[in-house]
Each structure stands twice: as structure tokens, then as C-alpha cells.
Amino acid sequence: MTELVETVAGFEVPESWRGALAGELAKPYFGELAAFVAEQRAEHQVFPPSGQEFAALAATPYEKVRVLVLGQDPYHDDNQAHGMSFSVQPGVKTPPSLRNMFKELDADLGIPAPDNGYLMHWAEQGVLLLNAVLTVRAHEANSHKGKGWEKFTDAVITAVSDRPEPCVFVLWGNYAKKKLPLIDTSRHVVVQGAHPSPLSARLFFGSRPFSQINEALTGFGSEPIDWRVPNLAEQG
């Protein structure tokens with residue numbers, strides 16, 4: 001169940017995150033970022049659809065984050081991006097990186113690949129599926145890079161790191177690994193590895209990230225994540 005939102009500079013900010021991010025939302029760059037995205041939406045097709053930019057935050061409230069999986073850029077093909085890294089809506093073809101994640105999940109924990117790539121079941125258990133950049137122009141990867149989103153999502157990572165509760169941060173690929181200095185590694189666990197993209201999948205396969213995450217969670221005294229993704233028939 002998603003939480004209440006408040007519109008800030010045209011974006012729907014979930015209630016539980018407003019306190020943690022209030023200072024960031026008030027900074028001049030955030031208003032400039034909002035104006036840039038609005039201008040882009042007026043002139044181009046932009047993903048995810050308006051109102052879904054903060055879907056990951058809405059699905060996983062601030063106080064319930066147990067795992068943070070960092071992606072880079074939203075999917076830029078039609079109907080794919082919906083505001084949660086790596087995830088696609090039910091009925092949308094599973095993209096290659098996510099297919100590779102499912103292959104590794106099967107090899108790691110014996111969970112067979114589902115018939116869809118909708119990761120809400122993970123998000124509802126406390127897996128924050130955060131992209132570093134939250135919007136993209138259609139069919140132009142990284143087209144909204146360097147416009148301010150990275151400052152904002154760095155603040156999200158820092159806010160999670162600053163909480164007293166331990167968390168598992170998942171950094172796949174060189175881009176994500178650059179965020180390591182934002183994380184208090186004396187209190188949190190970081191799982192690093194190759195990105196599941198086809199370009200680096202040979203290094204990703206065999207890395208067993210899902211069991212590593214669950215081992216860290218049980219080490220904290222927290223419940224492991226049920227990594228199964230319900231098939232479409234189970235989702236009703």
C-alpha cells in the first residue's frame with residue numbers, strides 16, 4: 001500500500017520521506033531540476049510518466065528500508081520505466097539486466113524466473129529500488145544525467161545511512177560503487193559486484209548477491225527477503 005504524498009515543485013513526495021529530505025527539497029537546485037523536467041515533458045516524451053518519479057520512495061517508506069539497490073538510469077524504451085530501478089510493470093517484457101538478475105537468483109537461491117519483471121513484492125518488504133537519475137528522455141539513455149537528480153538521490157542514500165537501523169546497500173557496477181563514501185560502513189553492510197547488464201553479466205553470474213543480502217539481514221536480526229516474484233496469475 002503506497003503512502004500519502006505531498007506535491008513539492010511538481011513532484012509527489014511520499015510523507016515518510018519528507019522529513020528526511022526536507023532540507024534537500026528546499027535547496028535551489030531542486031527547484032531548477034523540477035523546472036528542467038517540466039520543460040522536458042513539455043517538449044519531449046519523458047519516462048517514467050509524470051507522478052511516478054518517486055514511486056520507489058512511495059513503495060518503500062523511509063523507516064522500512066532494509067535493503068537499498070542502486071540503479072543508474074530509468075529504462076528509456078516505451079512502457080518500461082515506472083519509477084523503481086530494474087522493475088517493469090506487469091505484462092511488459094523483462095529487460096536483459098533483470099533477466100540476468102533472475103538467472104542469478106535461480107542459481108543462488110533456487111528461485112525460478114517469473115513470467116514478469118514487476119518487483120513490488122521486493123519493495124513492500126523493504127527493498128528500496130532507487131535509480132541515481134529519476135527521469136530520462138524517451139530512447140535517449142542518460143539524457144537527464146547531470147541535471148540535479150544525482151544530488152537528490154545522494155541525499156536519499158545518505159538519509160538511509162544516517163538512520164540508526166542497519167541496512168544492506170547493493171552497489172552493482174562502477175557507477176554505483178562510487179557511492180560507497182556516502183555509506184557508514186561501520187554500521188551497514190555493502191554488497192558490491194558487477195552490474196547484471198549483458199555487458200558485464202559474466203562477472204555478475206556466480207556472485208550470489210541475494211544470499212549475501214539475506215545473510216546480512218539475518219546477521220542484523222532482521223527477516224530475510226522473500227525474493228520470489230509472483231507470476232502474473234498470482235497477482236490477479
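**Figure 1. Lining of the largest pocket in the predicted model.** By class, the lining of the largest pocket comprises 16 nonpolar, 16 polar and 3 charged residues, where Ala, Val, Leu, Ile, Met, Phe, Trp, Tyr, Cys and Pro count as nonpolar, Asp, Glu, Lys and Arg as charged, and the others, Gly among them, as polar. The structure is a predicted model, in which local features need pLDDT of at least 70 and side-chain atom pairs count only at pLDDT 80 or more, whereas totals for chains, interfaces and linings use all residues. Residues are numbered from 1 along each chain as its sequence is written, and side-chain values use heavy atoms, with hydrogens and water left out. The largest pocket has a volume of about 790 Å³, and of the 35 residues that line it, Gln-72, Asp-73, Ser-97, His-195 and Ser-197 are the closest to its centre. A pocket is an open set of points on a 1 Å grid over the protein atoms alone, with protein on both sides within 12 Å along at least five of seven lines, while a cavity is a set of points where a 1.4 Å probe fits but cannot get out; lining residues have an atom within 4 Å of a point. Grid points are joined across faces, edges and corners, and a volume is the space filled by probe spheres set on the points. At least two lining residues come from each of β4 (67–71), α4 (96–109) and α7 (173–177), and α7 gives the largest share, 5 residues; helices (H or I, at least four residues) and strands (E, at least two) are DSSP runs, numbered from the N terminus.

**Figure 2. The largest cavity and strand β5.** The largest cavity has a volume of about 60 Å³, and its lining divides into 7 nonpolar, 3 polar and 1 charged residues. Strand β5 (residues 127–131) contributes the most to this lining, with 3 residues, and the lining residues include Pro-48, Pro-74, Ser-85 and Val-133.

**Figure 3. The second largest cavity.** With a volume of about 30 Å³, the second largest cavity is lined by Glu-53, Phe-54, Ala-56, Leu-57, Gly-83, Leu-130, Leu-134 and Phe-152.

**Figure 4. Helix α6.** Helix α6 (residues 149–162) has 14 residues and reaches 20 Å from its first C-alpha to its last, close to the 20 Å expected at 1.5 Å a residue, the expected span being 1.5 Å times one less than the number of residues. Because 10 of the 14 residues of α6 are buried, the helix is largely enclosed by the rest of the structure; buried means under 20% relative accessible area (1.4 Å probe, protein chains only). Among the buried residues of α6 are Trp-149, Phe-152 and Ile-157.

Key
Buried < 20%, exposed > 50% of the residue type's maximum accessible area, 1.4 Å probe, protein only.
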